[in-house]
Amino acid sequence: MRVLIVDDNVLNVELAAFLLDQAGVKVESALDALEAMAKIPVFQPDLVLMDIQMPGMNGLELTQRLKRASATRQMTIVAFTGYAMKGDEAKMREAGCDGYLSKPIDVATFSDSVKAFLKAPHSQPPTDS
């Protein structure tokens, strides 16, 4: 199992990567959309945890690009954000996100939630929000 964490907050990345690594998941990270686009063809993640609010290209724009490209269209992309206003999940789904995990991370359930997305791609397992 390979997960790419795309998030501009280093502390979020470190915590998520640590928890997933402890659960036996291979993890890479990118601090912005451009770095993510460079890492995806090399790392070939099964799932991308996508922060929505990032400088430059935001997570929804990157998700749309990935879902339009034939090489990455089937990749599971899960919005990974604290951005939880009414209607936001629908916007994330419209952009192509296959699900949603909220921040701050619940350390007790985070790895299991990510693994649920890996086992059932393109469906919405229960979230921790």
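Helices (H or I, at least four residues) and strands (E, at least two) are DSSP runs numbered from the N terminus.

This is a predicted model, in which local features need pLDDT of at least 70 and side-chain atom pairs count only at pLDDT 80 or more, while totals for chains, interfaces and linings use all residues. Residues are numbered from 1 along each chain as its sequence is written, and side-chain values use heavy atoms, with hydrogens and water left out.

Next, colour Val-13, Ala-16, Ala-17, Leu-19 and Leu-20, the buried residues of H1. Seen down the axis of H1, they fall within an arc of 165°, taken from the directions from the axis to the C-beta atoms, so they line one face of the helix. Turn to the face directed away from this buried side, and you find Leu-11 and Gln-22, which are exposed (over 50%).

Move to the start of H1, where a side-chain oxygen of Asn-9 comes to within 2.9 Å of the backbone nitrogen of Leu-11; just after the helix, select Gly-24, which has a positive phi of about 85°.

Now show the open sheet, whose five strands run in the order E2-E1-E3-E4-E5 with parallel pairing, a pair requiring at least two DSSP bridges. Its edge strands, each pairing on one side only, are E2 and E5 (99-102). Finish at E1 and E2, which pair in the parallel sense over five bridges, with Val-3 opposite Val-27 in E2.

Note on methods. Buried < 20%, exposed > 50% of the residue type's maximum accessible area, 1.4 Å probe, protein only. Polar contact = N/O pair within 3.5 Å; in protein donor to acceptor, adjacent residues only side chain to side chain.
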